[in-house]
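Please look at the sequence and the model shown here before reading the report that goes with them.

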Amino acid sequence: MAVNTGAKQFRKVDVDQYNEDNYQEDVIEDGLDEGPNENEVSSLLQAGKNVDALKVVLKNAPVSTQHQNTKDKALQLTMRVLTSFRSAEIEKAVNTLDKLEIDMLMKYVYRGFEVPAEGSSAVLLNWHEKHRMAAFLMMVMTAKCRGLTCVCSKLVKIN
């Protein structure tokens with residue numbers, strides 16, 4: 001049988017601090033993540049520098065803000081940038097982006113599908129298609145760097 005010693009030295013965790021009444025959300029300082037500068041993006045679009053405008057929008061995405069209004073404005077601005085590209089320019093633009101920018105681009109594409117505007121679905125489908133092709137090429141290049149090759153969608157080791 002176990003012996004009750006009455007010792008409380010083993011209890012080092014204060015379970016009361018995890019009570020729901022004591023829990024507070026982490027406060028994120030707003031103002032640091034205001035989203036892309038609309039004037040800068042507009043001037044880049046007017047100058048015909050669509051790729052630069054896309055990079056500015058993707059790098060300054062308001063990911064940590066809790067204000068839905070800021071996120072909606074960033075989405076509208078991003079949709080304006082995405083619709084400014086011609087179909088032939090999309091693949092070149094996607095190829096200039098790094099991995100983090102491509103991930104953010106896909107978040108905006110999927111968010112754009114949630115809030116469709118007139119004519120935006122076709123544009124978003126083009127962006128999605130070019131992203132998928134770029135992602136497949138990155139996967140093949142990564143596999144080749146590792147000594148693997150893609151055969152019938154299966155990776156096979158090259159001797």
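This is a predicted model: local features need pLDDT of at least 70, side-chain atom pairs count only at pLDDT 80 or more; totals for chains, interfaces and linings use all residues.

Residues are numbered from 1 along each chain as its sequence is written, and side-chain values use heavy atoms, with hydrogens and water left out.

## The chain as a whole

The secondary structure of the protein chain comes to 6 helices and 2 strands, where helices (H or I, at least four residues) and strands (E, at least two) are DSSP runs numbered from the N terminus. Read along the sequence, these elements follow the pattern α-α-α-α-α-α-β-β. Of the 159 residues, 29% count as buried; here buried means under 20% relative accessible area, exposed means over 50%, and partly exposed lies in between, with a 1.4 Å probe and protein chains only. The chain exposes about 12000 Å², of which carbon and sulfur atoms supply 52%, and these accessible areas come from the Shrake-Rupley method with a 1.4 Å probe, with only the protein chains shown counting as cover for residues. Among the contacts (heavy atoms within 4.5 Å) with a separation of 6 or more, 67% are between residues 24 or more positions apart.

In helix 1, which spans residues 38–46, the buried residues are Val41, Ser42, Leu44 and Leu45. They cover an arc of only 160° around the axis, so they are on the same side of helix 1; the arc is that of the directions from the helix axis to the C-beta atoms. Asn39 and Gln46 are exposed on the other side of helix 1, while the buried residues pack against helix 2 (50–59) and helix 3 (68–83). At the start of helix 1, a side-chain oxygen of Asn37 reaches to within 3.1 Å of the backbone nitrogen of Asn39, and after the helix comes Gly48, whose phi is positive, near 80°.

Helix 4 can be described in a similar manner. Its buried residues are Ile90, Ala93 and Val94, and they are on the same side of helix 4 because they cover an arc of only 95° around the axis. On the other side of helix 4, Ala88, Lys92 and Asn95 are exposed.

## The nonpolar core

A nonpolar core is a set of buried Ala, Val, Leu, Ile, Met, Phe, Trp, Tyr and Cys residues joined through side-chain atoms within 4.5 Å. The largest one holds 29 residues, of which Val41, Leu54, Val81, Leu105 and Trp127 touch the most other members. Helix 1, helix 2, helix 3, helix 4 (87–95), helix 5 and helix 6 (120–145) are the elements that give two or more residues to this core.

By the rule for aromatic rings, the count comes to 1 aromatic pair; rings of Phe, Tyr and Trp (its six-membered ring) pair if their centres lie within 6.5 Å, and planes under 30 degrees apart count as stacked, over 60 as edge-to-face and the rest as tilted. Phe85 and Trp127 form this edge-to-face pair, with 5.0 Å centre to centre and 90° between the planes. The pair links distant parts of the chain, with Phe85 in the loop between helix 3 and helix 4 and Trp127 in helix 6, 42 residues apart.

## Residues and their contacts

The table gives the relative accessibility of some residues discussed in this report.

| Residue | Relative accessibility | Class |
|---|---|---|
| Phe85 | 8% | buried |
| Trp127 | 0% | buried |
| Glu101 | 5% | buried |
| Arg80 | 34% | partly exposed |

The contacts listed next leave aside neighbours within four places in sequence. Val41 is in contact with Pro36, Ala53, Val56, Val57, Leu77 and Val81. Glu101, which lies in helix 5 (residues 99–114), touches Lys55, Leu58, Lys59 and Thr96.

Arg80 lies in helix 3 and is in contact with Glu38, Ser42 and Leu45. Which contact joins the side chains of Arg80 and Ser42? A polar contact of 2.5 Å joins them, where a polar contact is a pair of N or O atoms within 3.5 Å; within protein, one must be able to donate a hydrogen and the other to accept it, and residues adjacent in sequence count only if both atoms are side-chain atoms. The C-alpha atoms of Arg80 and Ser42, which are 38 residues apart along the chain, are separated by 9.3 Å.
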